[in-house]
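The report below covers ring contacts, surface patches and backbone geometry in one model.

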Amino acid sequence: QQQRADTRYHTATMSMSSAFRRTAQRLSSVDWSSPVFKGDHELSAMVAGFRAWTAKADAMAEKYSAPPSPIDFATAKKSVRDVALVEGLEKMYASSKPAPETYEWSAEDQAKKAELIEEAKAGLAFTQEMIEDCQKEIAFLRSNRTTRDVSVSDMKEIYPDIAEEVETEIENREWFKDTLAK
């Protein structure tokens, strides 16, 4: 009976250990030193918390990877005044045959997680697009730096939207529209 309980526990522990190993393998491919994780203080704190959680999970997986040692009821009987209590616990332990717990991922939860993954992929594509646009904008701004040699005509050519706004304000006689002291 004890051997069956140990076997069930060991099987459940082995499946958890393999799940932890698969997760660790996936996480090992993540470049945690990437600037993406360091740009925002809130994100940086969340990443640090997640990494601490995974380290704790790894430590627990290592700790509980082996089956538990058998309970030494003889030593407990020697150190306790009420030996009948320990004997009752020993009988209950010997006769107990708990069914192993298995978790089945429901189709509803799988669908929700798949939807979240698709949303994240869409968000990633949008973010990549924004990064490319920002890199183009930075390159444009660097190539068109304003110096003493740049004329007003050059500025109008480089920034037509600002030139149009200025012309509109002049036509509408909005002389102090964009000043701080109104």
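Y93 is partly exposed, with a relative accessible area of 33%, whereas F73 is buried at 12%. Here buried means under 20% relative accessible area and exposed over 50%, with partly exposed in between (1.4 Å probe, protein chains only). The model is predicted: local features need pLDDT of at least 70 and side-chain atom pairs pLDDT 80 or more, while totals for chains, interfaces and linings use all residues. Residues are numbered from 1 along each chain as its sequence is written, and side-chain values use heavy atoms, with hydrogens and water left out.

Rings of Phe, Tyr and Trp (its six-membered ring) pair if their centres lie within 6.5 Å; planes under 30 degrees apart count as stacked, over 60 as edge-to-face and the rest as tilted. By this rule there are 3 aromatic pairs. One of them is formed by F73 and Y93, whose ring centres are 5.9 Å apart with planes at 55°, so the pair is tilted. F73 belongs to helix α3 (residues 73–79) and Y93 to helix α4 (residues 83–95), so the pair ties together parts 20 residues apart in sequence.

The chain has 7 helices and 0 strands, in the order α-α-α-α-α-α-α. Helices (H or I, at least four residues) and strands (E, at least two) are DSSP runs, numbered from the N terminus. Of the 182 residues of the chain, 8% count as buried.

D161, E164, E165, E174 and D178 form a negative one. I162, V166, I170, W175 and F176 form a nonpolar one, with about 540 Å² of accessible area together. Like charges are joined within 9 Å and nonpolar side chains within 5 Å. Accessible areas come from the Shrake-Rupley method with a 1.4 Å probe.

The segment after α7 (160–171) holds D178, and F176 and R173 are also found in the segment after α7. Their accessibilities are listed here.

| Residue | Relative accessibility | Class |
|---|---|---|
| D178 | 54% | exposed |
| F176 | 62% | exposed |
| R173 | 63% | exposed |

R173 also has a positive phi of about 55°, although it is not a glycine. Most residues other than glycine have a negative phi.

Definitions and conventions: Patches are made of residues with over 30% relative accessible area and no salt bridge: like charges are joined within 9 Å, nonpolar side chains (Val, Leu, Ile, Met, Phe, Trp, Tyr) within 5 Å. A salt bridge is a side-chain nitrogen of Lys or Arg within 4 Å of a carboxyl oxygen of Asp or Glu. Lys and Arg count as positive and Asp and Glu as negative; His and the chain ends are not counted. The place of a charge is taken as NZ of Lys, CZ of Arg, CG of Asp or CD of Glu.
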